[in-house]
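Here is a short briefing on one protein chain. Please look through the model before reading the points below.

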Amino acid sequence: MSLTHASAARSSLWTAAAGRVLAGAVLLGAVALLPWLSGADPARTVLRARSADQNPTPAELATVREQLGLDEGPWVHLAHWLGGLPSGDAGVSWVSGAPVMRQATTALSVSLTLLLGAFAVTVLVAGLVCARTVFLGSRRRLRQDRAGTTAAVLASLPKFLLASVLATVCGVWWGWFPSSGWEGPQSMVLPSLALGIPSGAMLGGMLDQALPAAFHEPWARTAYAMGLPAGHIGRGALRRTLPGLLPQLLPTVVALVGGAVAVEKIFNIPGLGRLALESAVAQDLPVLQTATLALVLLGVTAGVLIRALRHALLGRPLRDGALPALHRPPLTVPRSLRRVTAACALVLLALVTAGLLRDPLQVDTAARLLSPSLEHPLGTDALGRDLLARLGHGALRTAWVALVVTAVSAVTGLLLGMAPRASAGPTEVVSTLPAVLAGLLIAGVTGPSVWGAACAVCVVGWSPYAAQTAALLEEERASGHIAASVALGAGRLHLLRRHLLPSVVPALLRNALLRLPTTVLVLASLGFLGLGEQPPSPEWGRLLSENQPYAELAPWTVLGPAAALVVLSVLAVTAGVLGRAKGE
């Protein structure tokens with residue numbers, strides 16, 4: 001029996017490894033073949049990127065094909081591109097004609113510096129969030145207190161929103177730090193805070209929830225009874241909890257990489273994220289190829305380092321699963337958190353309802369940048385359009401798109417999760433890709449659009465549902481009633497229809513509903529970058545982006561959309577906390 005289990009485990013490992021290799025190869029091939037994926041003539045795209053010439057002559061097209069080697073076809077181009085990467089040759093920009101690798105290397109150095117600053121802020125904020133738990137140790141009751149709720153709310157804030165607020169308030173209004181450019185250490189402060197505060201609050205919150213259970217384990221109680229110093233016990237508790245949390249660190253690092261795209265745009269930082277964004281909008285595909293590959297490698301490298309750190313913390317005796325899981329008591333949620341959730345839902349409902357009664361596209365040049373009043377409760381924008389109307393209609397459109405995206409992602413995750421061996425590798429690879437990166441790739445091929453943004457979220461959004469489905473199916477198949485049904489002659493279709501799907505689908509639906517506000521925020525971030533809904537249609541992220549230049553002259557044009565996004569973020573995190581508490 002043990003030989004059978006060992007053989008099955010080895011087969012599962014090989015299948016997962018093959019899935020990782022296949023998914024990585026598909027991703028690399030998609031990046032390399034970007035010029036041909038749109039179905040358009042690459043030479044025509046080059047000329048359009050350089051001079052916006054919509055009707056080039058055949059001679060001009062032939063000259064471009066010969067200069068860039070496009071007449072050799074996509075597979076030869078793929079081989080040349082991959083062959084040139086080791087020697088530092090990634091081709092030339094279609095717009096400027098400059099070598100791509102030089103631009104990418106310079107941008108990568110800036111982005112790495114920014115990410116190091118953001119990681120330092122992440123560690124600092126995480127330490128501040130869980131410091132009280134480390135200090136109190138086993139004397140602290142495990143409950144969702146105000147500090148934990150504050151950390152959860154900070155963790156839910158979109159990085160592009162926090163960056164916009166910091167740039168407007170601390171950079172433009174107060175003038176504490178530069179709000180634009182990359183000229184010295186001071187230029188790193190606000191971008192690092194925008195990236196690091198949500199990530200640090202996320203990590204600190206996870207540690208804050210895991211540490212009390214570690215302090216209640218027998219070794220910790222024995223250490224207290226022996227009179228060992230609190231600092232020694234605290235270090236032991238951190239070492240006990242970190243290995244279990246490190247796998248969850250990868251999504252945080254991925255969020256850092258994805259958030260850097262928006263943050264670099266807001267603060268006008270010449271990093272890799274801004275380079276990828278500008279090349280996607282201009283359809284400068286050689287630059288987008290290299291920038292995308294560099295961003296993917298950053299995520300992969302982070303995953304390798306995190307696994308190595310986990311192995312080092314565990315030590316050799318515990319690497320094979322001997323470390324028991326932390327068992328903490330059920331999480332109790334205070335009534336205040338329920339009241340906050342209800343209040344956020346009512347505010348959003350009132351905002352959307354009031355906005356739907358107004359015309360979001362009516363332009364009144366005589367009412368440009370009016371401050372909030374009874375006639376215009378949130379003021380007007382630079383074209384005299386009512387901001388409340390645009391927020392209300394934008395919420396309805398974005399919510400509809402988010403529902404479609406969530407449904408497609410959940411169904412895709414369910415189907416792929418039912419084949420866990422085949423989907424394990426692709427799930428791991430896709431989980432390292434930010435939705436912003438997928439949006440850049442799709443925009444580079446098809447151009448920015450709302451359904452392009454929706455496809456980008458679907459491309460990466462199925463992975464958590466697939467992982468959840470695989471875990472639930474494994475748990476259900478190990479139960480006794482499944483073995484009894486098989487012994488009574490039940491077939492696979494009967495098991496699937498009567499036992500497996502009924503145990504998976506309800507939990508998957510609850511997860512999808514909890515993730516719906518987060519999906520809206522992701523779509524808003526893509527809209528903020530110009531990769532989603534296009535003017536004049538209202539969309540929350542685009543409202544924040546198009547009104548940002550008027551933040552100093554008319555701050556209400558930014559504060560209205562920002563406040564709505566904050567309320568939505570708080571609703572997302574509080575609903576998630578309530579859902580997890582109910583599940584426990």
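The model is predicted. Asn268 sits in the loop between α12 and α13. Its phi is near 55°, a positive value in a residue other than glycine.

- Leu369 belongs to the loop between α15 (335-356) and α16.
- Leu369 counts as buried because its relative accessibility is 16%, and the cut-off for buried is under 20%.

**Overall make-up**
- The chain has 24 helices and zero strands.
- Of its 584 residues, 49% are buried.
- Among contacts with a separation of 6 or more, 75% join residues 24 or more positions apart.

**Helix α13**
- Helix α13 is largely enclosed by the rest of the structure, because eight of its 11 residues are buried.
- The buried residues of α13 are Leu272, Gly273, Arg274, Leu275, Ala276, Leu277, Ser279 and Ala280.
- Two of these residues, Leu272 and Ala276, are in contact with Ala291, leaving aside the neighbours of Ala291 within four places in sequence.

**Ala291 in helix α14**
- Ala291 is part of helix α14.
- Ala291 is buried because its relative accessible area is 0%.
- Thr105 lies 186 residues from Ala291 in sequence, yet the C-alpha to C-alpha distance is 9.3 Å.

**Nonpolar cores**
- The largest nonpolar core holds 96 residues.
- The members that touch the most others in this core are Phe160, Phe267, Leu440, Leu529, Trp540, Leu544 and Leu565.
- Helix α14 (residues 285-314) gives the most to this core, with nine residues.
- Phe160 touches Ala262, Ile266, Leu521, Ala524, Ser525, Phe528, Leu544 and Leu565, with residues up to four places away in sequence not counted.
- A second, separate core has 13 residues, including Cys130, Phe215, Ala223 and Leu245.

**Packing of α16 and α23**
- Helix α16 (residues 387-417) packs with helix α23 (residues 540-547) at an angle of about 145°.
- The axes of these two helices are 9 Å apart.
- On the α16 side, the contact is made by Leu387, Arg390, Leu391, Gly394 and Ala395.
- On the α23 side, the contact is made by Trp540, Leu543, Glu546 and Asn547.
- By class, this contact has five nonpolar, two polar and two charged residues.
- Trp540 of this contact is also one of the members that touch the most others in the largest nonpolar core.

**Largest cavity**
- The count comes to three cavities of 30 Å³ or more.
- The largest cavity has a volume of about 80 Å³.
- Its lining consists of Arg397, Thr398, Val401, Val450, Ala453, Leu523, Gly532, Glu533 and Glu539.
- The elements giving two or more residues to this lining are α16 and α19 (450-461).
- Helix α16 gives the most, with three residues.
- By class, the lining of the largest cavity has four nonpolar, two polar and three charged residues.

**Second largest cavity**
- The second largest cavity has a volume of about 40 Å³.
- The residues that line the second largest cavity are Ser111, Leu115, Val257, Ala260, Glu264, Leu272, Gly273, Leu295 and Leu298.
- Two or more lining residues come from each of α6 (100-136), α12 (249-266), α13 (272-282) and α14.
- Helix α12 gives the most to the lining of the second largest cavity, with three residues.
- By class, the lining of the second largest cavity has six nonpolar, two polar and one charged residues.
- Leu272 and Gly273 line this cavity and are among the buried residues of α13.

How values were computed:
Residues are numbered from 1 along each chain as its sequence is written. This is a predicted model: local features need pLDDT of at least 70, side-chain atom pairs count only at pLDDT 80 or more; totals for chains, interfaces and linings use all residues. Side-chain values use heavy atoms; hydrogens and water are left out. Axes are lines fitted to C-alpha atoms, for helices over the stretch in contact, and angles run from 0 to 180 degrees between N-to-C directions. Helices (H or I, at least four residues) and strands (E, at least two) are DSSP runs, numbered from the N terminus. Contact means heavy atoms within 4.5 Å. Ala, Val, Leu, Ile, Met, Phe, Trp, Tyr, Cys and Pro count as nonpolar, Asp, Glu, Lys and Arg as charged, and the others, Gly among them, as polar. A nonpolar core is a set of buried Ala, Val, Leu, Ile, Met, Phe, Trp, Tyr and Cys residues joined through side-chain atoms within 4.5 Å. Buried means under 20% relative accessible area, exposed over 50%, partly exposed in between (1.4 Å probe, protein chains only). On a 1 Å grid over the protein atoms alone, a cavity is a set of points where a 1.4 Å probe fits but cannot get out, and a pocket is an open set with protein on both sides within 12 Å along at least five of seven lines; lining residues have an atom within 4 Å of a point. Grid points are joined across faces, edges and corners, and a volume is the space filled by probe spheres set on the points.
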